[in-house]
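Please keep the sequence and the structure in view while reading.

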Amino acid sequence: MTKHRIVNISVICKGNLKMLSGMCKRIIIVLVTGFLAWAYQASHPPPPKVCGTPDGALTTGPRVQLRDGRHLAYKEHGVPKGMAKYKIVFVHGFGSSRHDASIAVPEVLEGLGVYLVSFDRPGYGESDPDPKRTTKSIALDIEDLANQLELGSKFYVIGFSMGGQVVWGCLKFIPHRPDLCGAHRLLGATLVAPVVNYWWPGFPANLSTVAYYEQYPQDQWALRVAHYTPWLTYWWNTQKWFPGSSVISGNAKFSRQDLEIISKFAGREQPKNLSLDWNQEYATQQGEFESLHRDMMVGFGSWEFDPMDLKNPFPDNVGLVHLWHADEDGLVPVTLQRYIARKLPWIKYTEIPGGGHLFAHADGMSRAILEALLLGKQFTLDN
């Protein structure tokens, strides 16, 4: 009898262990499945709220339709196009829009006879997102915009910050050699405080590494994610465990001059957070992923070319390429711009002492930048 009881207890225990083991397996499967579902949802951004659709904002300004059916919103500044001596396409920076054309000071444009068009880059403002955006595609968007607006065979391009980075693509992909009729398409270009990609092969490893670690630790991580695991860019900048990009969160490494400029704009009924853009709500109204996060993935990802391999686009001296930077820029290290200027001696490099990333908004800088590009005027601190 005792043996039978012992056997029954043993059988019951084994059965209970199997049951517990089976339950544990099911619980683990449920937990893993739940985690994977959460991870998938967290790393996959919501669809953009495209302007003109039921979920998106209404369009408030003119737009052109590009070669692939997307729309690009634009804004015109300066003198009428038909009366202009010079025609310029302006490329805005990170978290910004066509309304923030830093050099579009009306009296300066009118005095020089300039027609300037700014536009919302893909995914910003009222321009349709481009999930396939690359450094080449945005350059072709600019050329397409110029064609749609009938700017003619000759125009200039100026880009600020992340828009300055875009200008490298223009120099690479927009025709600037004489065609069969001897006409140039791109007459000149200016990069204003252009963002750099720390992974461009042309940078010496030690130089780019030192410059990279001058950033806030949270920005180092944000850029690592954008470069090495771009599919996690949305998650990294929206999760709450670790700080994401300081620029997106409004805590960027601004200089004293930058803060003064921001304060000046804040007095004009602009948002008072420390953002690069004073129209950021408009700029990101279609969602941050196809605007801010796409910028990071493209700007700090793998490029189709290395800017430091570029040859002089104007060997016959019909145009110039200018690069302007300030020595107290906390967002883009000046040491890398100095290296680019040495590596590419055909670039006219101008460094602003005591200036920050937003120096182009300072009094007198709009005129100085435009006169250097259009008239070849030498900049001095007395300008």
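About 360 Å³ of space lies in the largest pocket, where a volume is the space filled by probe spheres set on grid points that are joined across faces, edges and corners. A pocket here is an open set of points on a 1 Å grid over the protein atoms alone, where a 1.4 Å probe fits and protein lies on both sides within 12 Å along at least five of seven lines; lining residues have an atom within 4 Å of a point. The model is a predicted one, in which local features need pLDDT of at least 70 and side-chain atom pairs count only at pLDDT 80 or more, while totals for chains, interfaces and linings use all residues. Residues are numbered from 1 along each chain as its sequence is written, and side-chain values use heavy atoms, with hydrogens and water left out.

The lining of the largest pocket comprises 20 residues, and those nearest its centre are Ser102, Ala104, Val105, Phe265 and His361. Two or more lining residues come from each of helix 2 (106–112), helix 9 (256–266) and helix 13 (365–375), and helix 13 gives the largest share, three residues. Helices (H or I, at least four residues) and strands (E, at least two) are DSSP runs, numbered from the N terminus.

Strands pair if DSSP finds at least two bridges between them.

| Strands | Direction | Bridges | Example of facing residues |
|---|---|---|---|
| strand 1 (residues 63–65) and strand 2 (residues 71–78) | antiparallel | three | Val64 and Leu72 |
| strand 2 and strand 4 (residues 114–119) | antiparallel | five | Glu76 and Val117 |

Strand 1 and strand 2 form a hairpin with five residues between them, and Gly69 in the turn has a positive phi of about 95°.

Aromatic rings of Phe, Tyr and Trp (its six-membered ring) pair if their centres lie within 6.5 Å, with planes under 30 degrees apart counted as stacked, over 60 as edge-to-face and the rest as tilted. By this rule the model holds 17 aromatic pairs. Trp199 and Tyr228 make an edge-to-face pair, because their ring centres are 5.9 Å apart and their planes stand at 85°. Since Trp199 lies in the loop between strand 6 (186–192) and helix 5 (205–212), and Tyr228 in helix 6 (residues 217–228), the pair ties together parts that are 29 residues apart in sequence. Relative accessible area is used to call a residue buried (under 20%), exposed (over 50%) or partly exposed (in between), with a 1.4 Å probe and protein chains only. Trp199 is partly exposed at 24%, whereas Tyr228 is exposed at 52%.

Tyr234 and Phe289 also form an edge-to-face pair, at 6.3 Å centre to centre and 85° between the planes. With Tyr234 in helix 7 (residues 233–236) and Phe289 in helix 11 (residues 289–299), this pair ties together parts that are 55 residues apart in sequence. Tyr234 counts as buried at 18% relative accessibility, and Phe289 counts as buried at 17%. Elsewhere, ring pairs link Trp168, Phe173, Trp200, Phe203, Trp303, Phe305 and Tyr339 into a cluster.

As for the cysteines, the structure holds zero disulfides (pairs of cysteine sulfur atoms within 2.5 Å). Cys51 is buried, with a relative accessible area of 4%, and Cys170 is buried, with a relative accessible area of 0%.
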